[in-house]
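The sequence and the structure are shown first, and the description follows.

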Amino acid sequence: MFSGASFFYRRLPSPLHATRAVVAAAYGAALAACALITENPLLLGVLLLAVLAAASAAKVGWQLAGVLRLALPMVLMTVLINVLVSRNGLTVFARLGDWGVLGQVDLTVEAVVYGCVMALRLLVVMLACLLVVCTANPDELLLAFRRISPHSALTATLATRLIPVLGQDARRLAEAQRCRPDGGARGMRGKLAIVGATVSGALDRSLDVAAVLEMRGYGARGRVPAARRALSRHDLAFAAAAVAIVGLSVFAAFSRTAAFQAYPLVSMSLSPAVFVLATLTFAVALAPFVDRRGIEP
Amino acid sequence: MSVLAFERVGYRYPTARVDALRDVSLSVAPGEFCVIAGLSGSGKSTLLRAAAGLVPHFHGGGFSGSVTVGGLDTREHTPAAIGAVAGTLLQDPETQVVMNTVRAELALALENVGAGAVSVARGVEETSLALGIGHLLDRVTAELSGGELQRVALAAALVARPALVLLDEPTSQLDPVAGDELIWQLRRLNQEADTAILLVEHRLERCLAAADRVIAMADGSIVCDSDPRGFLEWAGESEPALQTPGARMLDLLGLRPSPTGVKQARAMLRAHGLLTAPGVCRERHIVASGGAQPARHPLAQAGRSSLHRLLGKDDGQDKPVLSMRGVWHEIRDGPAILRGCDLELQPGEPVVLMGRNGAGKSTLLRHAAGLLEPTRGSIKCDGRVALLLQNPGDYFLHERVDAEASPAALELVGLGGLGARHPRDLSGGQRQRLALAIVLGGDGEQPATVLALDEPTRGMDRAAKRALARWLSRRADEGRAVIVATHDAEFAAGFATRAVLIADGRIIADGPVAELLAGGWYFTTETARILDGARGALTPEQGAALLRQRMAGEGGPVDARIVEEVRQ
């Protein structure tokens with residue numbers, strides 16, 4: 001029920017974990033940005049594969065696979081909604097008549113294709129963000145954030161700490177309910193009771209965490225000085241990969257090498273250049289994982 | 001110049017009807033090691049919160065008088081400013097840790113006082129090594145056990161080398177080994193860095209030997225402020241529940257002055273000819289019912305029959321109510337938490353489960369209650385296991401006590417008249433009893449044949465522990481098997497007849513409590529330490545009875561009648 005707590009950072013022996021958090025975040029952000037820049041389904045498919053392969057190489061593939069399962073209904077819903085509301089396609093394959101608020105509903109191939117592209121894009125962005133959550137040290141990120149905006153960082157710190165604390169509270173409450181002779185309330189009623197108890201305790205919990213932050217002198221001295229750290233080989237490799245991935249996408253968008261149009265009729269460039277771009281994107285995204293020196297925590 | 005000064009401080013929480021602090025005045029000098037003693041609700045934690053500036057800044061309420069910490073008046077300075085002078089560790093370790101990794105947690109306090117990168121790195125390294133958590137530095141805090149979290153939170157409080165350290169029961173989640181280590185680490189910090197320590201602790205036997213001064217509180221006021229020996233003299237006359245077991249044992253014999261630790265007690269007994277030189281004579285016999293087999297509770301047989309009748313299984317067979325065979329709990333991509341555990345519980349048997357933090361005690365109880373499925377092995381239970389987990393508050397979902405449990409169950413735990421109260425308005429002990437009522441169930445439910453409790457004495461004073469031990473003994477008398485996972489050997493000695501020691505997921509010892517606890521050094525009571533485990537005497541009363549027999553020149557096992565006489 002409260003599986004969210006399993007998606008947290010844990011230092012694992014992988015090149016991506018061995019990079020500094022800002023670089024790891026930039027790498028994930030580059031993959032997400034790529035998905036937002038390009039619309040070409042082939043490139044989006046390659047990006048999805050690249051994110052999954054990167055997660056696997058970073059030993060967090062099972063976490064992303066878990067999310068993938070949860071995301072499938074959302075992906076199908078995205079496609080379905082687009083098919084039902086889009087009026088731009090020309091190739092009608094089903095006429096469903098008048099649906100009241102939706103008006104005349106004609107299902108078109110173009111709407112299906114564009115729905116799939118949007119779903120694919122959503123999936124890549126979501127998984128790339130999750131890759132950052134699982135591989136970028138949140139404390140390092142918050143520290144970097146504190147140098148920019150201490151008060152926003154305080155809120156973010158409280159939230160990031162409170163989420164696992166409340167997750168643990170909810171798990172404990174659920175376990176305690178199972179200890180009741182009748183096994184506690186089941187189904188949605190039981191879940192709602194636990195969520196209610198967790199939420200009602202959230203204020204106390206947030207006060208506890210805030211009190212500790214206060215006692216530790218959080219923000220008492222203003223901006224925190226940055227620690228100097230030499231760039232590791234992995235920092236350099238992932239930073240270069242992030243720049244290259246975005247560069248390739250921008251090039252593809254501006255040169256219209258990987259042009260794609262869903263409406264009114266589907267048209268997609270499948271020239272050799274697109275395949276070269278796709279191969280390059282995949283190779284560049286995964287190249288930093290080849291060097292496995294110095295990756296142990 | 002004091003590092004902490006209270007001047008006629010009074011305080012009342014916003015919704016409270018009585019004052020939590022009344023006219024409190026005290027002064028702590030640099031380098032002083034002070035222990036704050038008192039029963040639950042006496043104002044100890046509020047005193048610490050006032051010293052940390054949380055009272056009144058965080059809690060609101062009515063505040064009078066003044067508190068000065070390192071020259072900072074808490075009315076004028078925020079807890080953040082006071083945090084630069086005083087490191088604080090409160091009770092619940094889960095909310096004492098605010099960052100995601102241990103390294104960041106330790107670095108936070110240093111960064112906040114403006115330390116440079118080199119100082120931060122050195123401080124984190126040195127503190128982690130000093131507290132034995134170097135191996136945890138890159139671990140995620142969400143994955144740490146309660147004991148590990150407590151040590152990390154303590155390290156975070158100490159890392160900036162504050163002039164004053166405020167600690168609220170820092171050993172409550174630690175096993176005896178880690179608890180003793182922690183006290184000596186505090187003493188070392190106090191001696192070498194001249195850090196003043198203000199320590200709230202219920203297990204006074206653990207820390208009095210290290211303390212310079214003891215401040216006892218009752219009803220929000222300071223009722224005793226003395227050196228440890230003076231405090232024990234006061235406790236003997238005014239509040240026996242605060243006596244250490246060693247002091248109580250010698251008090252029962254009429255020996256004065258009260259000893260503050262094992263070494264002093266042994267020296268006194270030796271001076272009176274009641275203890276031989278170390279290692280000369282080791283009488284390791286079992287009290288009264290000794291033997292190799294696990295002892296049975298005296299009323300267990302009668303209770304067993306009544307419970308079997310209740311279950312409709314009065315067949316006269318001496319069958320275990322819980323049987324675990326070769327139980328393994330292996331985590332995918334992780335360690336094995338239990339490794340082939342075999343355990344049988346007989347009806348009416350009071351058993352204590354002991355072991356270090358992370359040994360597998362809680363996991364074993366969860367398997368017994370069916371909350372976890374063994375990856376290998378089997379568990380059979382004749383009836384139901386009622387499991388009380390560590391946080392009683394987790395059981396409460398309703399607005400009224402009588403909505404949580406049946407009237408019969410509330411009567412059983414002594415909460416019959418409190419049905420209209422809100423569960424969160426109950427005291428700590430009452431909340432625990434309400435949680436027990438919930439897991440025991442009412443008339444219409446399958447009766448619990450096994451009662452399992454996980455660390456039930458956390459944060460309890462000695463009087464509350466005695467009351468719980470008596471209540472558990474009565475449940476055993478009724479025929480229920482009772483199994484309690486605890487680090488508290490004094491509590492274990494008060495009710496159990498059988499002890500099971502678990503280490504690294506394996507049951508390494510299982511036998512009569514007197515034999516198992518008397519022979520140990522860490523998993524033992526202060527009485528057994530003083531008497532070197534002689535004749536299995538574990539409690540002050542048993543120890544005093546043994547010494548009386550020695551005075552009278554009698555040998556043999558400790559006579560239970562003399563123990564009862566001493567107790568009277």
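## Contact between the chains

Two residues are taken to be in contact if their C-beta atoms, placed from the backbone, lie within 7 Å. The structure described here is a predicted model. On this basis, 44 residues of chain A are in contact with 46 residues of chain B.

On the side of chain B that touches chain A, two or more residues come from each of helix H3 (79-82), H4, H5, strand E15 (384-388) and helix H16 (428-440) of chain B. The most is given by H4(B), with 5 residues. By residue class, this side of chain B holds 26 nonpolar, 13 polar and 7 charged residues.

## Helix H6 of chain B

Helix H6 of chain B covers residues 146-158, which makes 13 residues. From its first C-alpha to its last, the helix reaches 18 Å, close to the 18 Å expected at 1.5 Å a residue.

Because 12 of the 13 residues of H6(B) are buried, this helix is largely enclosed by the rest of the structure. Among the buried residues are B:Gly147, B:Glu148, B:Arg151 and B:Leu158. The cover over the buried residues of H6(B) includes strand E6 (86-89), helix H4 (102-112), helix H5 (117-130), strand E7 (164-168) and helix H7 (176-193) of chain B. Of these, H4 and H5 of chain B also give residues to the side that touches chain A.

## Domains of chain A

Chain A is divided into domain 1 (10-136 + 232-289) and domain 2 (141-215). Between the C-alpha centres of domain 1 of chain A and domain 2 of chain A, the distance is 32 Å.

Note on methods
Residues are numbered from 1 along each chain as its sequence is written. Chains are lettered from A and ligands numbered from 1 in the order in which they are written. This is a predicted model: local features need pLDDT of at least 70, side-chain atom pairs count only at pLDDT 80 or more; totals for chains, interfaces and linings use all residues. Helices (H or I, at least four residues) and strands (E, at least two) are DSSP runs, numbered from the N terminus. The expected span of a helix is 1.5 Å times one less than its number of residues. A residue is buried if 20 or more other C-beta atoms lie within 10 Å of its own, exposed if 12 or fewer, and partly exposed in between; C-beta atoms are placed from the backbone. Domain bounds come from an automatic or database domain assignment. Ala, Val, Leu, Ile, Met, Phe, Trp, Tyr, Cys and Pro count as nonpolar, Asp, Glu, Lys and Arg as charged, and the others, Gly among them, as polar.
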